[in-house]
Amino acid sequence: MGIAAVNTGNNLIYLLVAALLSFLAISGIFGRFNIKNLRISFLAPDEIYAGCETPLFVHLHNDRRHYPAFLLHLPTSREELIFPFIFPRGTATALYRWTGYERGLHPVPTLPVASPFPFGFFIRYQKLPAHGQQLTVFPYPRRGPFRDEDSNHTRSRGDTVREESGYEGEVISVRDYRPGDPLRFIHWKASARTGGLKTKDFGLAAAEPLLLDFASLPGRDQEAKLSHLCFLIKDSLPDTRPVGLKLGGEIFGPGHSREHKLKLLRALAVYQGK
Amino acid sequence: MKRWHRLDIILNIFTYLIASLGFLSTMTLVGIPYRLAFIICIFLAVAGDVRPRLPKFRLVLQILAVIYVIVGLARFSSQEIVLPGMETLLALLGLKCLDKNYARDYLQIYALALLLVAGSSLLSLELSFFFYLGVLIFLLGPAIVLMTYERVKPRLIVSREELTAILKQALLMPLLVMPLTLLLFFLLPRTSYPVFSFLNRPAQTSSGFSDQVQLGNITQIQLDDSLVFRAVMEKQSDDALYWRGMVFDEFDGVSWRDSGAALEVRQVPRLRGKSVSYAVYLEPVEYQTLFALEKPLYISYRQLRRFDDQTFKARDPLNRKITYQAVSVLTDREAGVGEDMRRYLKLPPGLDKIRDLAGRLVGGKGPGDTAAALREYLRKPPFRYSLKKLPQSASPLDDFIFHSRTGNCEYFASTMAVMLRSRGIPARLIGGYRGGYYHEMGGYYAIQQRDAHVWVEAYLPEHGWTRYDPTPTVPVESDRTIWKQFFFRLRMTLDILDYYWNRHVISYDLQQQYALLMSLSRQVTGLSSVKIPWKNLGRHFLPLLSVIATVIIIFNMGLWWRQRLPRDRRLLQRFLRVLEKKGWPRPVYMGLEEFSHSIGDKNISMAAREFVRIYQSNFYRDRKPGREDREQLRRILKDLTSGSPLS
């Protein structure tokens with residue numbers, strides 16, 4: 001059309017060409033603006049295992065005060081995450097399936113944000129920094145060659161008593177009554193003897209603590225051993241039986257909570273070896 | 001309740017609007033079968049959208065498209081390229097509307113509509129093009145944005161708020177495109193020799209004058225309101241406004257003709273008087289004549305021919321809008337350049353009665369006195385100017401002088417010229433325009449066909465060619481009713497739009513571009529030496545600045561107003577702020593209820609619990625607190641701030 005304008009000398013076609021060029025220019029400006037002031041953050045599950053596909057929540061934040069974000073997409077190797085619209089100062093979320101192939105600390109994936117907005121003539125890309133966020137990838141949990149000696153075996157050893165109060169197991173002490181204690185746990189004898197209400201304190205029914213020692217595991221392949229340790233911890237915690245860990249020079253005492261489990265797994269993930 | 005919208009439906013609406021605009025821009029130009037075909041296509045396309053189960057016949061549509069293209073190609077000729085092309089494009093546009101499945105189909109529709117609008121500019125140069133272009137730009141913005149959405153995520157459903165934001169953005173773009181378009185238009189490179197200018201079809205021309213004046217015939221022109229040309233100049237005195245066009249030297253008793261005996265000359269006549277320089281914007285006409293104010297000294301136009309009777313002709317008919325510069329000297333005399341005078345004395349036989357009358361009227365007077373006396377004779381009663389009941393017979397002049405005594409300028413001028421020739425004074429008729437409407441705002445004269453006029457030039461030995469207008473002066477507005485006058489004024493006021501369109505858009509060329517750039521560069525280089533008049537700056541710019549500032553403030557206030565929280569949320573914020581001041585900030589992870597219970601101060605905690613109860617009783621029912629609740633919330637807040645809660 002530009003050639004037509006120059007060669008016919010028709011000013012109206014010039015006008016059309018000018019309009020088209022203006023559209024191009026304006027679309028460039030709007031497209032550029034559309035991917036400015038965006039921020040990305042990830043919400044990862046607590047447990048990520050090497051080689052396993054993990055869903056990550058991708059939050060795309062539009063930090064602009066007045067200007068919405070239109071038609072953004074994050075091209076990843078397997079799928080496109082599309083965010084049709086984000087209000088000013090708003091956030092949109094999509095699910096991103098991510099796989100960490102090796103244990104350790106991984107920086108969050110750097111996803112470029114792209115947008116064909118407004119006219120699809122150009123696609124603009126911009127890399128979005130996710131500020132210092134890291135994903136901890138645990139070793140892949142493998143039953144390994146030690147299956148018989150350890151995992152199944154330990155279960156059959158029977159219960160032991162844990163030194164924490166609960167309502168099962170044996171009486172481990174007698175203490176003052178606290179409002180809310182069940183009536184049937186009141187130690188009437190002791191109450192009569194002391195003149196104040198006393199309550200029986202019971203131990204928790206629990207398995208015998210398991211102390212895992214990296215060095216004592218057979219085999220030479222460090223990664224295989226870590227994988228197996230990971231399996232054992234994942235299998236036992238939380239609450240099945242307390243687990244402790246000896247890894248390199250570090251010793252983690254037995255524990256049974258979820259936090260403890262994550263602490264152990266994290267230690268496996270970042271273990272450097274000798 | 002949230003309302004949801006499907007983007008593809010809205011995209012279709014915009015697409016049909018754009019297609020229809022392409023159609024409208026060419027509707028009056030293309031043939032009826034094509035118009036009908038297009039309308040049917042659009043109708044079927046809409047029906048297909050409303051009921052998606054209707055069969056689509058894609059193959060049939062594609063075959064039809066091919067047939068249309070072949071027929072269109074077969075109709076191309078060296079004479080007519082654009083129109084068959086446009087008709088084919090229109091047919092394709094209609095078919096494409098029926099068969100649009102992918103984003104590229106939509107783009108094709110927009111391209112076709114754009115080509116149609118562009119093509120319409122080749123066929124006519126109307127101001128309406130600007131309208132079509134403007135609307136097209138405004139529709140294209142949202143349409144292409146929606147199409148991009150459709151391509152990335154087909155059949156996307158969005159909420160009303162999202163849709164509004166998307167459309168607002170999409171409409172903002174055309175608003176910015178408009179001024180940029182104008183800027184680019186003036187800056188885009190031009191050539192002085194367009195190669196394909198033949199594609200520009202001649203515009204609708206108006207006939208106006210021809211090379212002969214038949215008595216009684218000019219009447220049609222004098223009832224015609226259409227514009228002939230505009231002349232940009234300062235206002236001149238009314239009796240100087242004779243726009244010279246053609247010279248008629250041969251009379252056969254009924255009509256005057258241009259014998260073609262005038263010679264092409266180069267020399268410029270010697271003229272005395274006030275000279276004016278002006279630009280003429282001529283509308284398309286069928287003839288080659290260029291008009292200029294009497295007496296024309298010089299006209300600047302390419303390949304112009306100048307004749308010894310002081311007329312100017314272009315090589316080709318002026319069937320496009322053109323512009324030329326002219327210089328005239330405001331005088332009614334011109335010495336002449338030594339023409340052969342014999343042809344200005346010839347008379348047909350059978351005019352004896354008029355000869356006798358002329359003899360009786362001026363017997364024995366010199367040429368100057370003779371001409372003056374004849375003019376005065378014709379200007380006075382019983383002679384009357386009229387456009388109705390003009391004598392039309394084998395001898396119309398006799399009828400006019402001796403019987404009806406009513407006629408238009410042709411009769412008066414013919415009579416005078418014949419009488420002058422009968423007395424041995426060379427005379428000729430000049431055809432052109434008299435007067436014109438001066439447009440104060442635009443600073444130009446608008447000359448309409450109805451201003452067409454014929455007057456006489458007599459050759460006096462002492463002065464040369466001298467202008468005589470024997471037609472009685474008629475008050476210009478006398479034949480117009482009040483309504484006609486009103487509409488005339490209105491039309492002339494609106495005429496300025498058309499004038500600016502012609503002047504700044506249609507006739508913008510390399511030369512004007514160069515002039516514009518030069519003046520810009522002069523102003524830029526001149527800036528450094530300009531002393532800025534601070535005093536005046538304050539006077540002129542402070543009001544402007546304050547207006548801009550006010551607009552910005554109002555805009556920001558509007559934004560703030562729109563973005564502020566609802567009333568109940570604002571109360572809650574105040575509540576939390578008050579508690580924070582009292583030393584009880586709410587931890588982020590804590591819900592309101594938990595927070596109100598966690599406050600250590602018993603009194604404050606009680607008040608806070610009451611506040612939270614009222615607030616939540618509304619919030620979880622998804623309703624806004626009523627007036628009573630609000631009052632209560634406010635009271636609690638007041639008690640909290642004054643430090644005597646629930647006292």
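In this predicted model, the buried residues of helix α7 of chain B pack against elements of both chains, namely α2 (11–34), β3 (69–75) and β4 (80–86) of chain A together with α6 (128–152) and β2 (157–159) of chain B. The buried positions of α7(B) are B:Glu162, B:Ile166, B:Ala170, B:Met173, B:Pro174, B:Val177, B:Thr181 and B:Phe185. Within α7(B), a kink of about 25 degrees is located at B:Met178, shortly before the proline B:Pro179.

Elsewhere in chain B, helix α9 (residues 352–362) packs with helix α12 (residues 409–422), the axes lying 9 Å apart and forming an angle of about 75 degrees; because this angle falls in the range of 65 to 115 degrees, α9(B) and α12(B) are classed as roughly perpendicular to each other. The contact brings B:Ile354, B:Arg355 and B:Ala358 of α9(B) together with B:Val418, B:Met419 and B:Ser422 of α12(B), and by class it consists of 4 nonpolar, 1 polar and 1 charged residues.

When neighbours within four places in sequence are set aside, B:Leu92 is in contact with B:Ala65, B:Tyr68 and B:Leu112, while its C-alpha atom is separated by 9.6 Å from that of B:Gln62, 30 residues apart along the chain.

Conventions
Residues numbered from 1 in each chain as written. Chains lettered and ligands numbered in written order. Predicted model: local features only at pLDDT ≥ 70, side-chain atom pairs only at ≥ 80, totals over all residues. Bend = angle between axes of the 7 residues up to and from the residue. Helix = DSSP H or I, 4+ residues; strand = E, 2+ residues; numbered from the N terminus. Buried ≥ 20, exposed ≤ 12 C-beta atoms within 10 Å, placed from the backbone. Contact = placed C-beta atoms within 7 Å. Axes fitted to C-alpha atoms, helices over the stretch in contact; angles between N-to-C directions. Parallel < 35°, antiparallel > 145°, perpendicular 65-115°, else oblique. Nonpolar A, V, L, I, M, F, W, Y, C, P; charged D, E, K, R; others polar.
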